Amino acid sequence: MKTKTKKKILPWIFIAPTFFFLGMFTYYPAFRSLFLSFMRMNMATPEPVFTGLDNFKRAFSTPLFWQVAGNNLFYAFVTVPITMALALVLALLVNQKIFGSSFFKTTYFYPNVIPMAAASMIWLYIFLPGYGFLNYTLGKIGIPSIEWVSDSRFAMWALIIVAVWKNAGYYMVIFLGGLQQLPTEIYEVATIDGASAWRKFWKITWPLLSPTTFFAFIIAVINSFQAVDQIYLMTRGGPANTTNMFVYYIYQVAFKYWDFGYASALTVILLVLLLIFTVLAFFFMERRVFYESGERL
């Protein structure tokens, strides 16, 4: 009886620290934000005062909110496909049996190891007008110097370049893990049948890799809505809020204007948007995913 009881209790003891930290740093802040989103809490009203849906009405009637949402959607629509396509190409290349593949894997993954703060500083130097490496190189082919982070036409693209460079290696590793799980027998049969490299990729690799692609896509979209550190270090949301995105906007409202009620409402809106996206992705896209059993859900 005692042995059975120990076996039942032991797993709970092992996972208790996980529950504790998950509750402290994930669920408590989420529920606290939900609570404060219905309150007025700022420098003029330090104690929370119930205001119902006022913070949400204020968000949806603020032009800056829609500008931030548009910026973030554009950032996601551009960075996610480019990053995933580049990561897939790199994974296909390093998955080949070539000399020095470990070196290339390390080289491609290395940017992901660099802290975003350091990466942003490196790219700020590269983007320097006049004598930065990128402008210097462009100048050699006759293209005039570009104010990458202070010109509203290019600032968002500067952030996108940094994000793609930083994250492609991470998704390459995910794709590489998926590629190395694919059965080799199918490729051998396809080779005997005379299938071209493109046909093998399109008819075998791409469908069988769909669970990995689906997972990477969900993670990439969610990460694209969490961009904040490179914005803070490179553009501060400018110029004229053209690079301001959700998390940085929340940071500004909370810690620059000390309006915690409104910042909490923005946080709740972001969480709901990501939750809706995840549910829709599982509902519509997972039907096109091949799993190991060969069934489509």
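Residues are numbered from 1 along each chain as its sequence is written. The model being predicted, local features need pLDDT of at least 70 and side-chain atom pairs count only at pLDDT 80 or more, while totals for chains, interfaces and linings use all residues; side-chain values use heavy atoms, with hydrogens and water left out.

**Exercise 1.** Work out how many helices and strands the protein chain has.

*Solution.* Take helices (H or I, at least four residues) and strands (E, at least two) as DSSP runs, numbered from the N terminus.

**Exercise 2.** Decide whether Asn71 is buried or exposed, and find what it touches.

*Solution.* Start with the place: Asn71 sits in helix α3 (residues 63–94). Next, the cut-offs: buried is under 20% relative accessible area, exposed over 50%, partly exposed in between (1.4 Å probe, protein chains only). Asn71 comes out at 11%, so it counts as buried. Last, look for contacts (heavy atoms within 4.5 Å). Skipping neighbours within four places in sequence, Asn71 touches Met156, Asn241, Thr242, Thr243, Asn244 and Met245.

**Exercise 3.** Find the largest nonpolar core and the element that gives the most to it.

*Solution.* Collect buried Ala, Val, Leu, Ile, Met, Phe, Trp, Tyr and Cys residues joined through side-chain atoms within 4.5 Å. The largest such set has 39 residues, with Phe175, Phe225, Phe246 and Leu266 having the most contacts inside it. Now sort by element: α3 gives the most, 11 residues. Apart from this core lies another, of 23 residues, including Ile146 and Tyr248.
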